[in-house]
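Reader: I have the model open. Please take me through its features one by one, general idea before the particular case.

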Amino acid sequence: MRAFLLGLALACLGLSAHAETVAQIVATHAADIEKPSRTTIGPVISDLAASGDPMAARLLEAWGNKQLGERKSDKTFFLLSPDPAGYALTDLTGAPAGTAAKSDITELKPNAGVRGLIASALVQFTLSDPDPAKRANALTSIAQDPNAESLAPLRAAIDGETDPTLKAQKQRLERLLTLRFDADTTARVTAMESFGADTGLDLRAALTPLVATSRMASAGPLEGKNIAREIKPGRDLTAVEAYDLLVADGSAPARITHEDQEKALADHIQSGSVAGFPVSDLSIQANRDRAYTALEAAGQVPPAATDDEVAAAITAHRFYEVYTEADRVITDAATAALGKISLKVGVLQVADLGLDGLSLAAIYFLAAIGLAITFGVMGVINMAHGEFITLGAYTGYVVQQIVPGYTASLLVAFPLAFAITFAAGVAMERLVIRHLYKRPLETLLATFGISIALQQLFKNIFGTQARPLTSPDWLGGALTFNDVVSISYIRIAIIVLAALFLGFFLYLMKRTRLGLEVRAVTQNPAMAASMGINPDRINMLTFGLGSGIAGIAGVAIGLFAKVTSELGTDYIVQSFMTVVVGGVGNIWGALAGATMIGSLQKAIEWLNPSNTLAAQTYMILFIILFIQVRPRGIIALRGRAAGD
Amino acid sequence: MTDTTPPAAPPFTLPKYPGGTGAGPRPSAALTPKGFLARNPSVLWFLLALAVLTVAVTILSPAFGMGSMSTSFVKTLGKTLCLCLAALAMDIVWGYTGILSLGHMAFFALGGYMIGQWLMYARTEEIVVQSLATSPIPATAQEIAQGVGTQIFGVVGGSDIPLIWSFAHSLPAQLALVVLVPGLLAFLFGWLAFRSRVTGVYLSILTQAMTLALSLYLFQNDSGLRGNNGLSGLQNLPGLAETSQDLLSIWFFWASAAALALAYILLAWAISGKFGSVLRAIRDDEARVRFLGYPVEGYKLFVFVITAVICGLAGALYYPQAGIINPAELAPIASIYLAVWVAIGGRGRLYGSVIGAAFVSLLSSWFTGGRAPSIPLGFYTIDWVDWWQVLLGLSFVGVTLWAPKGIGGLFDRFRGLRTPDRKGAPLGPDEGSLQEQEAVE
Amino acid sequence: MKLTRRSLLAGGVAAFAAPLMTTRVFAADDTIKIGVLHSLSGTMAISETTLKDTMLMLIDAQNAKGGVLGKKLEAVVVDPASDWPLFAEKARELLTVDKVAVMFGCWTSVSRKSVLPVIEELNGLLFYPVQYEGEESSKNVIYTGAAPNQQAIPATDYYLNELGIQKFALLGTDYVYPRTTNKILEAYLISKGIPKEDIFVNYTPFGQSDWAKIVSDVVALGADGKKVGVLSTINGDANIGFYKELAAAGVTADKLPVCAFSVGEEELSGLDTSNLVGHLAAWNYFESADTPANADWIKQWHAFTKNDKRTTNDPMEAHYIGFNMWVNAVTQAGTVDVDPVLDALIGQKFPNLTGGTAELLPNHHLTKPVLIGEIKADGQFDIISQTEPVPGDAWTDYLPESAVLESDWKDLKCGMYNKDTKTCVQLKSNY
């Protein structure tokens, strides 16, 4: 099979195949190989591929992997492999050539474009390579740069494929290439129809170029073209665009620019006036036009299209959108296929948006759940909540510096982050907040002071540079349903974590002694105290709990975003919004608030995709208005539990 | 509304000094009508201090005197006076009325933006007209507008003048906007918020959201106010290109001092009367005042709007001295600092807020200016640039916990006034009623 | 308690009085003062602190060589705290109170625009070391960073010619540098025959962390079969979330290359780069440049910071070149007065760290080679393309209103000269 392919390659480039060795070709084109450019290196690569030298594939592979080097002393090329001495060298005949120190060798670093060409050239060698990884690479290379030449070798390589996944890939790729490049129209249409409403990006990428259109103008009916539709100036395109089309194909004169007009007028000033118009009057555009027309009439300036002439020229022409593909059958089939696909894609996009919104909601919920406890249940405004989130994230970072292995370090980081922020929360409650329970506004200010101080402390300790908090490999990548709907594993993990917290919180509040006591103290501290509950202790624990959860949220947020001293600040206002919108004192409220804010923000982003800032502004605006309608939030407590 | 004095406790009718609710009941004084200044000796003291400062700065300034004070320091002082003016407004809305607004710096910045539009437009127009004058054909109005657009917005990748610059060519119009824009925004926001009885911390968070939304909006380039770049070069007044900054800085200093003095007198007068009593009553127990028949929402809205306008004016004086305004000025943190100043200076007394703003902002610029000497501890050197924020944050906690009267409380100490010590016990007969009282007493 | 209050009060009085009595004790006239105007706190401290250290190192090294004009150099470091108005205030202080001979500073464009009126009024001299959006040439500023034609345009050419990109996603943080750069790039791409609908532009706020939607939007651009490339002017730590999302979405450099103009060695140190191998950055300097001068420079930097892991980056090289040019110009002019030094500066030549020579042009920009690097797994860059030195262009040729402008401080003595009407549009800059 390999021999056949090689033969095929040789046949393709029959003329240049007078058996030059790889070494000879490289020597001839040394300068090009040192500094290759995609635009010029093509022939060299084809020559190499077609040389018939068994070293060709090895050389190309090494070159593409940045393992080709040039010895500085004598400007000869070698294949490099790592060696204690620097590099182990292999010369271009495949013989080992000793070693060389790193400083003696210039590594060749072809850019990605050149590497793409190399990969394409390698396809013929590797499409049936015994190594499945190389076969997969070859397929990737064809998929990235589909061309008519790949079709034949690809078809030839399908039957011999043993790996079922690769075989499926090859067959799909073959159909994609067929629908674009096959000579037979029927085969192309069949290939198109074989996909149905497949939403693959590669299929859309193959179909869309077939229905590409360009605009054309014509004085009469357009003959011999595959017309997509007729377009009307004023409806489908602006008059300016229409006229530009006419100017572009030479059927109308260009309009005069503002500057040219001014220049022409200035050139014809005679004793303080232009064509009878005093210069001082020319500060009005209409007068300038009149003066220019006068000059035009006198033949002193070249005629330029005026507005009337432009309008006349446009009405005299008809405008069309014309397919670049000449075959009507193909364009019709492609349009039909795309029509089916686009409906499905639209539905899937909404689903994807939903997933995005869900994951954003989970992040907001995670950031806000601690607040839902401290603010929602206890009524304590903790502006330093954001800094507790940061503290958790930095804990994760420090643990990762000490504990090897990302998975193990995360397992340590989560409880440790909880413990540290729990302790910080308890300390803050004991030292500051306890004294301010009767003065909520003061709590707000005092905790704000703590927030400022903590933030600066983080800066002093960890610097202002963002710190890495890396997720383990099993959280890398994304769960891809198809080319439209996908969600990264880290976001799934955050959604799961949020759900876990919700469950934990509900369990704690409804099913445990502590939860009972917390609810009792919240509703009536004096009565609770007389029932033998120590409100001080409960307040302390509750606050610690809320802070501890913030710490865990910090680790999770740090995993997908950045760890800086300002991490918490980004979430604090949103978190308060979440709690306030959802309804204070109710975990379901926080959930509802997070869901609403998250999905709303995504929806606004979807409507206005080029500006994410606007989405945030409109969302806050919406929240302010929403509070007007439901001042107590989505889920409002009623009766005695509502407190004030 | 009936014209009866609220039958509340005597402290409401007799402020010992502006802002304070009085150190104790002195019913006899309430019966003897006295002049405004006699009842408020602190106003005179304040004006005197301000006058001394103004004269001193003038004498030391490079423009009129010895020049031993640098122009940049004159500007710093001028700006500080504007901040004091904003703090004064904050004190009225928070210290007297009990509305902890975390959005008043938004009004301050809006005032700056409004005056900035004129400063920028007029100065650029001058330059454009001058450069177009060299052409043999007189420039059309469109050409001038286009030139101005390119000059102002070319920097941020645009060239058209947005609609919100429609009045930028006219100083009177923009001056009116300095008052109208913050005023209307405050009216709209306040009307919505107070109408639906949003109070306490909810209101604080909502005001914070307002300033955040506004700053995010202005951060966009499409907002038409040059996005993150903001408006710059504001220190150069149109038509006064040849006037040196030495002179301009002292003019602005005078203007700021005059504005501060005027506002101080007006506000001291307003709150020393019945109006002030109602405000304090609202702060202490909103529900009770409402039951007495006062339109609480109206009072709150009025105060909110008036203070917003004062902040807007302060901003309009501040930013020509700062030279540049950008959306970072509206960040929530700025408004929180305003609250910090007032709290450190002492809430509920006008001079307290002024002292707080001046003290903290000057100290802040001293510490962050790299002028403060580092403290070597042997194993570690305390660099004030790094540690000033920590100190500020902690001192803020300290003030709220142990010295709710702030620096102003020192004056009480000199005069032998004492706060009743209740050891954290509820401040009034009914626990709910006095929660919001800001513990001045 | 008492103590605290009193000491606070005392501190306050001291703070107030200190600048009043500020006939500051000047060191005797045997030093030349150099202002360092970089934020040491606030959001920009992350980038600018490094440049402050660079300046201190350069000044130390120069003093070890005997200073300039027989005088020692003295650094006056101030902290504008990432607060734009404060930049103007500090610049004024440096010029009027400390009377510095020259300033090195600023990072963001807005901070430069804030300083501009002050230095133009007081005739100061500022070396600005960061790549920027161009469209400016002040008499009092030397731009040692890249203009768009020294970074963005060559990178775009690389995309067009080497990678064959047909569809462009211009992603940026919403502020002046990305806005202007993208405007220039759009005009450039259209002039290269890329239709407007194939250019996708998106702006995000500073510190954006939620990138899922934007990344999937960009991936979806490939639906019409055109090869898509991203040109990123995303600034600062927003990059971290962006690259993490790219890695999670499995966007490899082969499928969809991302070329960043604001991501260097320093920014990558906050990231695990193993998933980002092959994505690109365009700069005038990379730490991996293989020259003896660069090796010395890195060694000196590590010794000065006592940290073998501190990376070097492009703006540091800009300060290195700028500082040395200033020293040479002062030596040549025999004075530190701004005007003679400016005259001597134009035409100064100094070797780059990446090889070749930088020359200061009459428009106050440098000639610099443009390097394009591919991210490696260790956070460094593989330099895969290095051009000949490109002269920096203050006014871009790709926007009609700027194409007619040029800047020449040598013969025309004008930063904004209209070539058509042959007039100087204005002497001072726009800010």
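This is a predicted model: local features need pLDDT of at least 70, side-chain atom pairs count only at pLDDT 80 or more; totals for chains, interfaces and linings use all residues.

Reader: Which strands of chain C form an open sheet of three, and in what order?

Author: Strands of a sheet pair through backbone hydrogen bonds, either parallel or antiparallel. Here the order is β17-β18-β19 in chain C, with antiparallel pairing. Strands are DSSP E runs of at least two residues, helices are H or I runs of at least four, and both are numbered from the N terminus. Two strands pair if DSSP finds at least two bridges between them. β17 (405-408) and β19 (423-424) of chain C are the edge strands, each pairing on one side only. Three bridges tie β17(C) to β18 (residues 414-418) of chain C. Within that pair, Glu406(C) has Tyr417(C) as its bridge partner.

Reader: What is the strand order of the seven-stranded sheet in chain C?

Author: Read it as β7-β6-β8-β9-β10-β14-β15 in chain C. The sheet is open, and its pairing is mixed. β7 (199-204) and β15 (381-386) of chain C stand at the edges with a single partner strand each, so one side of each has no neighbour in the sheet. On average, neighbouring strands are turned by 25° against each other, direction ignored.

Reader: How many bridges join β14(C) and β15(C)?

Author: Five, in the antiparallel sense, with β14 spanning residues 371-375 of chain C. Glu374(C) faces Asp382(C) of β15(C) across the pair.

Reader: Which helix lies across the strands of chain C, and at what angle to β8(C)?

Author: Axes are lines fitted to C-alpha atoms, for helices over the stretch in contact, and angles run from 0 to 180 degrees between N-to-C directions. Helix α5 (residues 152-162) of chain C runs at about 170° to β8(C). α5(C) lies across β8 (228-233), β9 (258-260), β10 (280-283), β14 and β15 of chain C.

Reader: Now a helix in chain A. Which residues of α14(A) are buried?

Author: An α-helix has 3.6 residues a turn, so residues three or four places apart point the same way. In α14(A), the buried residues are Arg288(A), Ala291(A), Tyr292(A) and Leu295(A). Buried means 20 or more other C-beta atoms within 10 Å of the residue's own, exposed means 12 or fewer, partly exposed lies in between, and C-beta atoms are placed from the backbone. Seen down the helix axis, the buried residues of α14(A) fall within an arc of 100°, so they line one face. That arc is taken from the directions from the helix axis to the C-beta atoms. On the other side, Ala286(A) and Ala297(A) are exposed. The cover over the buried residues includes α13 (258-267), β8 (273-274) and β9 (277-278) of chain A. Just after α14(A), Gly299(A) has a positive phi of about 75°.

Reader: How many residues of chain C are in contact with chain B?

Author: The size of an interface is often given as the accessible area lost when the parts come together. Here, residues are counted: 45 of chain C are in contact with 47 of chain B. Contact means C-beta atoms, placed from the backbone, within 7 Å. α1(C) gives the most to this side of chain C, with eight residues. By class, the side has 21 nonpolar, twelve polar and twelve charged residues. Ala, Val, Leu, Ile, Met, Phe, Trp, Tyr, Cys and Pro count as nonpolar, Asp, Glu, Lys and Arg as charged, and the others, Gly among them, as polar.

Note on methods
Residues are numbered from 1 along each chain as its sequence is written. Chains are lettered from A and ligands numbered from 1 in the order in which they are written. Two residues are in contact if their C-beta atoms, placed from the backbone, lie within 7 Å.
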